[in-house]
Structures are given as structure tokens and as C-alpha cells.
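Visitor: I would like a close look at a single part of this model, please. Take me through it slowly.

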Amino acid sequence: MNEPLVSVVIPCYNHDRYVQECIQSIIDQTYCNLELIIIDDGSSDQSVVMIDQMSTKCNDRFVRFDFRHRPNKGLCATLNEALEWCQGEFVSPIASDDVMLAHKIRKQVSSFSSPLIAGVFGNVAVLQEGVIKNPVQSAELAKPVVETVYSFRDIFFRKSKLPAPTAMLRRSDLIEVGGYDEDIAIEDFYLWLKLTESGKQLVHIDETLALYRRHPGNQSQNSEIMLDGVLQILSRYDDRKDFPEALARSLLVHAGDLACDGAGDSFRYLVRGLRQCPSLLFSKLFFVYFYRYGLGLRFSGKRNGHED
């Protein structure tokens, strides 16, 4: 066991349909030195039963397996509780409805090449109704690894690509920033900011490492909730001189998301962002908005049985 110990954490809440597939994807990792910690956060479905059915396989596979269930406390409280039990040098949290690809952990551990790196991320493919929407091609796995390093400013200005299902974080850095903030709805975005505020870096690998399952229960599909959460986080930095631009960029990102979905009020957020920071009229975000708006119109036309 010369490899660093990696702690995989699964917080589970009412995912009895998906949690066994999630656990199996961790069992199938090509990386050996793993511990698995699962906390069921007061599920009212059969999640506990489904996890118990996997316990023998987990005890055989992992150097340490710990499964606990108790009344509901919320996601961030569950993640912080698991963090107290972790013994690994690195922590890899994953939602109980998502799936790791087999090479994920091995690929990420090899990318922690500097003490300045607090976390490593990758790409996600979308899994919807059992179908992978953007499947991994074999050519992708054969190409050289391309890494992008992000600083606090990149994340603050919404210039980063850090999908939460792919996160692997250095445990000492997580502990140093106090773990997850239990008063924040969008816990991952705020954690990325806290991890990099002191000069640490987050790295993105241009390779698909996990499958993000899209279904009606995903909070991230409610764009208004997501925007409110982002604005709540940004408000904690309103004393920074670059706060107006960061706020405007988040509004433009939101406008682009709405435009791509064909939502009619996307233009309102575009105008609101430009009023906050008029210089963004010449930014990439501005032109991306109209590109996504065009895609939204086209998708809407197909959905209604015609094409413009």
C-alpha cells in the first residue's frame, strides 16, 4: 500500500433507485487504497436496505468501510460528519445518484503534483433515464492529459470548470477552511472559493471522470434556486472592489443558462448584468449568451414540432 489513502464519501438521501450503482462504481475503481464512508441522511425510502445489501462486497473491497444512518441533518452537515471520520490524504465526495468512471481516482491522485493544489476535478457526462448523453470515447482516454489551473479570481469571476461530482480534495486543506458551510445552499461553489482564497489552486483535467445523473429530484435543475445561492455566496465578498464585475458575470451566466433552455426572461438577467458592469458588453459571456439564445430558439422549435 504505497499509494496515498483516498476516502470516498457518499451522502445518501432517498436514492434507493441509484445508490447501488454508485457504490459499485467505487468498488470498480482501478485504484486500490480506498476507504468508503456512507452516511444515510434520514432517507424515507429503501436506501438503507439497498446499502446494507452491498456491505459484504464493500468490506471485502475497501481497507475500511463505514456505513451509518441517522435522522436527517442536511447535506453539508452530513459531509462534515463524514469528514471527521475520514483518514485518507484525499477526500472524494460523490452524490449517491452519480457514478464514478473506473479510472477516476487513479487519474486524480497522480495530478496532485504540488502542495499548492487543494483539489482536482474532471469532466462529467450526463446520465439520463439510463442513457449516457455524451459518452466517453476511447480516443479521449488515449490523448495526453490537459490540465487547467484555477485561482480564486477565476472561480469568483465564473471562469472555472469544476463539476462537483468529480471533486477530489486534499483533506488537510478541507479541514483548514472549516469544511462545508452549513448555512450555504450551493455548498460546492463556496467551498471552491474558500479553498483558493489563501492562494491554493484547483486543477481541472480535460477528461471525463464521472457520470452526473439528471432526474426530477436534482436541485441544480432549478435555475432560480441556483442563482439565489450564488448571489448569497457572492454577497460575502461585497467589500471587494471587483465584486460588481463578479456579480454581473454570475447574472450573465444565469442569462445564458435560461437562454439555452428557451426561457423567455433570460434577456432580463442579461440587461441586469450589463447595467451592473457595462464593460461586459464586449466579453465572451455576452456573445455566448446570443449563441445559447439561438440554440434555445432552435430547441424550442423542434420541441413544438417545427424548425425555424
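Visitor: Is Arg 236 buried, partly exposed or exposed, and what is its relative accessible area?

Guide: Happy to show you. This is a predicted model, in which local features need pLDDT of at least 70 and side-chain atom pairs count only at pLDDT 80 or more, while totals for chains, interfaces and linings use all residues. Residues are numbered from 1 along each chain as its sequence is written, and side-chain values use heavy atoms, leaving out hydrogens and water.

Arg 236 is partly exposed, with a relative accessible area of 38%. On this scale, buried means under 20% relative accessible area, exposed means over 50%, and partly exposed lies in between (1.4 Å probe, protein chains only).

Now for its partner. Arg 236 and Asp 181 meet through their side chains in a salt bridge, 2.9 Å from N to O. Arg 236 sits in the loop between helix H10 (223-234) and helix H11 (243-260), and Asp 181 in the loop between helix H8 (171-176) and H9, so the pair ties together parts that are 55 residues apart in sequence. A salt bridge here is a side-chain nitrogen of Lys or Arg within 4 Å of a carboxyl oxygen of Asp or Glu, and helices are DSSP runs (H or I) of at least four residues, numbered from the N terminus.

Follow the chain on to helix H9 (residues 187-196): nine of its 10 residues are buried, so H9 is largely enclosed by the rest of the structure. Among those buried residues are Phe 189, Tyr 190 and Trp 192, along with the charged residues Glu 187 and Lys 194.

Notes. Helix = DSSP H or I, 4+ residues; strand = E, 2+ residues; numbered from the N terminus.
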